[in-house]
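Please look over the sequence and the structure shown here before reading on.

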Amino acid sequence: MIALLMSSSAMAGSGHDTDGANVPFSPSELIMHHIMDAHSLHIVGDIALPLPIIIYSSAKGLEVFSSSNFHHGEATYNGYRLEHEHIIVVDSEDNLDEAATAEIIDFSITKNVATLLFGVILLIIIFTSVAKSYVRNEGKAPSGLQSFVEPIILFIRDDIAKASIGEKHYAKFMPFLLSIFFFIWVFNIIGLIPFFPGGANVTGNIAVPIVLALVTFFYIIRNSGKAYWIHIFAMPGVPTWVLFILTPIEILGIFIKPLVLIIRLFANITAGHIVLLVFFCLIFLFGDGGNAGGGFGTAVPVMAFTIFINCLELLVGILQAYVFTFLAAIYFGMAVAEEHH
Amino acid sequence: MELITPQIGLLFWMTISFLTLMFILKRFAWGPIMGALKEREDSISEALDQARLAKEEMDKLHSSNEKLLEDAKAERNEMIKEARELKDSIVAEAKEKAKEVTDKEMISARENIAREKTAAVSEIREQVALLSIEIAEKILKEQLSDGDKQKQRAEDMLKDLELN
């Protein structure tokens with residue numbers, strides 16, 4: 001609750017700071033700002049952690065410097081400027097150089113990348129320590145974190161992997177299925193934590209589901225058997241003229257499968273963040289123009305509703321992790337299926 | 001539109017970090033965890049199998065015990081029966097022997113009695129004869145002291161002899 005209040009006050013602060021005192025409060029700008037990536041890691045109030053900027057351009061090569069050099073978009077550094085969290089190239093008169101801007105590639109450690117690295121390290125620490133306790137507690141009942149994770153691992157193994165892929169092939173997909181499940185779940189939760197080191201919309205940023213789906217796609221292709229391709233190009237037991245319709249659909253299906261994974265995860269998580277932020281914005285919309293009573297009056301029902309949505313998002317967080325893992329397992333099951341005719 | 005345009009930087013870092021994460025977890029977490037889980041499940045199912053085997057063994061033992069018990073009972077009954085028969089035969093034999101002995105004793109006793117009796121009778125007879133002789137002597141002496149009577153007697157005797 002306190003954390004939510006803190007983060008909401010921070011949002012309001014950032015909204016007003018950038019827009020100036022007399023500019024009306026713009027919820028859509030605030031929401032987009034919080035959902036999109038940023039070049040600094042906001043901690044609390046006006047305190048933000050500057051992040052390294054890494055830019056590659058064919059003209060200047062690789063450049064690395066701190067994002068604090070931009071002074072929140074107010075200063076030009078090395079011919080670069082930060083404009084709405086995008087790095088643009090400017091000429092000596094501070095005018096946008098579109099051709100040069102199109103050429104640079106931004107490899108910066110952004111808010112999302114920093115959170116990503118943090119989460120990955122967290123995952124590695126958690127699961128290597130769980131693995132250690134398996135070695136330590138060999139032949140004994142699980143204890144501590146191990147007993148929390150074990151039912152989930154067993155669920156993924158027995159009810160997702162074995163059920164969808166089959167006893168024969170499931171083992172080689174287990175590392176991937178476990179990794180995506182815990183990856184998505186942990187980052188969904190990190191995204192729901194409103195203060196440092198959470199708050200970044202990692203799984204709701206389209207790039208993350210894209211990579212997860214691409215890895216899934218490569219797994220499907222790499223492990224697909226003969227039967228899988230036969231089912232795509234020449235579905236057995238179907239008249240030839242139907243194949244002319246079916247085969248293109250099936251070929252599209254190869255690509256639709258990962259696409260569905262991307263859109264589902266991205267849309268669910270981003271929508272959750274937007275809903276939460278919209279409710280917070282209500283407070284500031286009602287309290288805008290010095291109407292403190294309106295702001296505080298709205299805050300009470302909004303808080304109640306936000307807590308409800310937050311609980312819902314916790315559920316959505318694990319549900320989307322489950323759905324992604326389950327669908328991936330079903331696709332793997334299709335890929336390794338053997339001829340039954 | 002910006003929302004659904006992936007940034008190359010994030011794609012790059014995401015690919016690297018996710019593949020690294022998967023590699024490290026596969027090597028240092030999922031491998032040992034899945035191995036340990038499988039091992040534990042195997043050991044549990046093995047223990048269950050062993051328990052079932054032990055139960056079967058127990059059942060087998062139980063039935064063999066029962067058989068043993070039955071055999072033992074039968075043997076005991078047999079033994080008791082034999083013992084009873086033996087006892088009966090011993091008793092019968094003893095009875096017979098006792099009877100024989102008593103019979104023999106009775107016979108010898110009877111013989112003894114008979115012998116004693118004959119001896120006694122003969123002795124009595126002897127005594128009676130002696131007594132009779134004595135009596136006769138005394139009578140004779142008395143009679144002979146009285147001549148008439150003697151004469152009378154002699155005549156009576158003679159009379160008897162003649163009658164015979």
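This is a predicted model: local features need pLDDT of at least 70, side-chain atom pairs count only at pLDDT 80 or more; totals for chains, interfaces and linings use all residues.

## Overall build of chain A

Chain A is made of 10 helices and 7 strands, and its C-alpha atoms fill a box of roughly 75 × 55 × 45 Å when this is taken along the principal axes. Of its 341 residues, 48% count as buried. When contacts in chain A between residues at least 6 apart in sequence are considered, 64% of them join residues at least 24 apart.

## The nonpolar cores

The largest nonpolar core has 81 residues, and those with the most contacts inside it are Phe176(A), Leu177(A), Phe182(A), Phe183(A), Leu212(A) and Phe18(B). Elements of both chains build this core: α4 (111–136), α5 (145–165), α6 (170–192), α7 (207–223), α8 (226–233), α9 (240–286) and α10 (292–336) of chain A, together with α1 (8–144) of chain B, each supply at least two of its residues. The element that gives the most is α6(A), with 15 residues. In soluble globular proteins, nonpolar side chains tend to be buried together.

## Where the two chains meet

At the interface, 49 residues of chain A are in contact with 33 residues of chain B. The two chains bury about 3700 Å² between them, and 80% of this area is on carbon and sulfur atoms. Across the same interface of chain A and chain B there are 2 salt bridges, as well as 6 residue pairs in polar contact.

On the side of chain A that touches chain B, the elements giving two or more residues are α2 (27–35), β7 (105–106), α4, α5, α6, α7 and α9 of chain A. The largest share, 12 residues, comes from α4(A). Sorted by type, the residues on this side of chain A divide into 36 nonpolar, 7 polar and 6 charged.

## Salt bridges

Over all chains, the whole structure holds 9 salt bridges. In one of them Arg157(A) lies in helix α5 of chain A and Glu41(B) in helix α1 of chain B, so the pair joins two chains. The closest N and O atoms of Arg157(A) and Glu41(B) are 2.6 Å apart. Side chains of opposite charge can pair when their charged atoms come close.

Asp49(B) is partly exposed at 38% relative accessibility. Salt bridges that share partners also join Arg157(A), Asp158(A), Lys162(A), Glu167(A) and Glu41(B) into one network.

Ser57(A) is found in strand β3 (residues 52–57) of chain A and is buried, with a relative accessible area of 4%. A polar atom of the Ser57(A) side chain lies 3.2 Å from the backbone nitrogen of Lys60(A), and, not counting residues up to four places away in sequence, Ser57(A) touches Tyr80(A) and Ile104(A). Ser224(A) sits in the loop between α7 and α8 of chain A and also counts as buried, at 16% relative accessibility. The Ser224(A) side chain reaches the backbone oxygen of Ile221(A) at 2.8 Å and makes a polar contact with the side chain of Trp229(A) at 2.9 Å.

In chain B, Lys73(B) lies in helix α1 and is partly exposed, with a relative accessible area of 49%. The C-alpha atoms of Lys73(B) and Thr15(B), which are 58 residues apart along the chain, are separated by 82 Å.

Note on methods
Residues are numbered from 1 along each chain as its sequence is written. Chains are lettered from A and ligands numbered from 1 in the order in which they are written. Side-chain values use heavy atoms; hydrogens and water are left out. A nonpolar core is a set of buried Ala, Val, Leu, Ile, Met, Phe, Trp, Tyr and Cys residues joined through side-chain atoms within 4.5 Å. Buried means under 20% relative accessible area, exposed over 50%, partly exposed in between (1.4 Å probe, protein chains only). Helices (H or I, at least four residues) and strands (E, at least two) are DSSP runs, numbered from the N terminus. Contact means heavy atoms within 4.5 Å. Buried area is the accessible area (1.4 Å probe) that two parts lose on being put together, summed over both. A salt bridge is a side-chain nitrogen of Lys or Arg within 4 Å of a carboxyl oxygen of Asp or Glu. A polar contact is a pair of N or O atoms within 3.5 Å; within protein, one must be able to donate a hydrogen and the other to accept it, and residues adjacent in sequence count only if both atoms are side-chain atoms. Ala, Val, Leu, Ile, Met, Phe, Trp, Tyr, Cys and Pro count as nonpolar, Asp, Glu, Lys and Arg as charged, and the others, Gly among them, as polar.
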